Amino acid sequence: MSTDHGVGDGVGGARVTQVDEDVTAVSAGVPGGPAASGVSTAARLQALFEGHRLTPTQRRIAHCMVRRAADAPFLSSVELAELAGVSQPSVTRFAVALGFDGYPALRKHLRDVAPAVPEADEGSYNEYQQAVQSEIDNLRHLAALLADPAPVVRAGRLLAASRPLPVLGLRAASAQARGFSYFAHKVHPDVRLLDEGGTMLDDRVDAAKRAGATALLCFALPRHPREVVEGLEYAREAGLTVVTVADSAFAPVARHSDLLLPAAVGTGLAFDTACAPMLLGRVLLEAMCDALPDAQARLEEFDAKAAERGLFVD
């Protein structure tokens with residue numbers, strides 16, 4: 001099970017895959033296949049899992065393996081089951097679902113494709129530099145995902161068309177939701193930040209729906225609050241299309257999202273780092289601006305008023 005400060009994983013290629021019956025998730029792979037030079041172990045695992053229809057328990061195992069990508073080729077089925085919080089037979093069934101004869105065959109495959117040398121000369125970095133290098137890797141994976149811009153373009157159109165636009169982010173993800181909302185207010189006529197849970201969350205979803213909302217944007221980062229999962233389920237029942245930025249295509253929010261865009265978090269420090277989710281949020285803002293015909297006019301109006309008020313010192 002994850003620790004209190006959360007977990008993250010790699011992002012895998014630029015194509016859309018159906019993770020289950022309810023969600024379209026964008027998984028990142030890197031051109032050249034699993035053995036391509038420079039592809040991280042996490043990305044190889046993500047590429048191995050994509051395209052398979054996994055049960056919730058199997059997605060939990062997959063998520064655990066991506067989180068523990070460096071250790072995955074060397075874990076026994078019992079160790080993996082304990083880490084994922086599932087039974088050992090579930091691990092065996094997971095391997096079979098991926099097309100292997102059993103877990104030993106899956107583990108052998110992972111060892112065969114594991115890089116012969118470290119992907120970076122980590123021995124030359126201190127712990128702070130390693131954390132930065134990990135975030136650089138996450139951004140590279142995000143760049144590979146964006147090689148196919150179609151999912152982001154689709155998301156931008158959904159967000160632009162929703163009036164109002166509710167933006168949800170609780171706990172660790174509240175900063176991402178607040179940052180998106182701050183800038184979105186400059187171009188979108190009605191953005192509503194949802195950054196508190198409890199019974200108020202359902203009330204505010206209802207209010208947005210009554211006012212004409214058609215979509216909801218959610219930022220979901222580990223550890224994933226139960227309130228977020230329940231809030232997305234409620235939003236979809238209310239008829240909203242849910243667009244989610246999450247740390248993984250296997251995150252608990254996946255089955256409650258209509259369009260999921262993954263961006264990995266860094267786990268090398270005491271608290272997770274979220275550079276890739278933040279950047280993906282800015283990319284979504286750009287896509288939304290492209291879908292709003294009056295976005296440029298609104299920005300120019302804001303700049304003119306800011307100058308009149310002397311809002312900025314530069």
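User: Which side chains meet D258 or R236 in a salt bridge?

Analyst: The side chains of D258 and R236 meet each other in a salt bridge, at 2.9 Å from N to O, where a salt bridge is a side-chain nitrogen of Lys or Arg within 4 Å of a carboxyl oxygen of Asp or Glu. D258 lies in the loop between strand 6 (241-246) and strand 7 (259-262), while R236 belongs to helix 10 (residues 226-237), so the pair ties together parts that are 22 residues apart in sequence. Helices (H or I, at least four residues) and strands (E, at least two) are DSSP runs, numbered from the N terminus.

User: What should I know about the model and numbering?

Analyst: This is a predicted model, in which local features need pLDDT of at least 70 and side-chain atom pairs count only at pLDDT 80 or more, whereas totals for chains, interfaces and linings use all residues. Residues are numbered from 1 along each chain as its sequence is written, and side-chain values use heavy atoms, with hydrogens and water left out.

User: How many salt bridges does a search of the whole structure find?

Analyst: The search finds 8, including one between R192 and D190 at 3.3 Å, N to O, and one between R204 and E196, whose closest N and O atoms are 3.4 Å apart.

User: How exposed is E196?

Analyst: E196 is partly exposed, at 36% relative accessibility, and R204 is also partly exposed, with a relative accessible area of 26%. Here buried means under 20% relative accessible area, exposed over 50%, and partly exposed in between (1.4 Å probe, protein chains only).

User: Switching topic, which residues have the most contacts inside the largest nonpolar core?

Analyst: They are V167, F180, L217, F219, L284 and M288, in a core of 32 residues. Helix 11 gives the most to this core, with 6 residues. A nonpolar core is a set of buried Ala, Val, Leu, Ile, Met, Phe, Trp, Tyr and Cys residues joined through side-chain atoms within 4.5 Å.

User: And what is L217 in contact with?

Analyst: Leaving aside neighbours within four places in sequence, L217 is in contact (heavy atoms within 4.5 Å) with L159, L165, P166, V167, L168, F180, V243 and L284.

User: Back to helix 11, which of its residues are buried?

Analyst: The buried ones are A276, P277, L280, G281, L284, L285, A287 and M288. Helix 11 covers residues 275-291 and reaches 25 Å from its first C-alpha to its last, close to the expected 24 Å, a span taken as 1.5 Å times one less than its number of residues.
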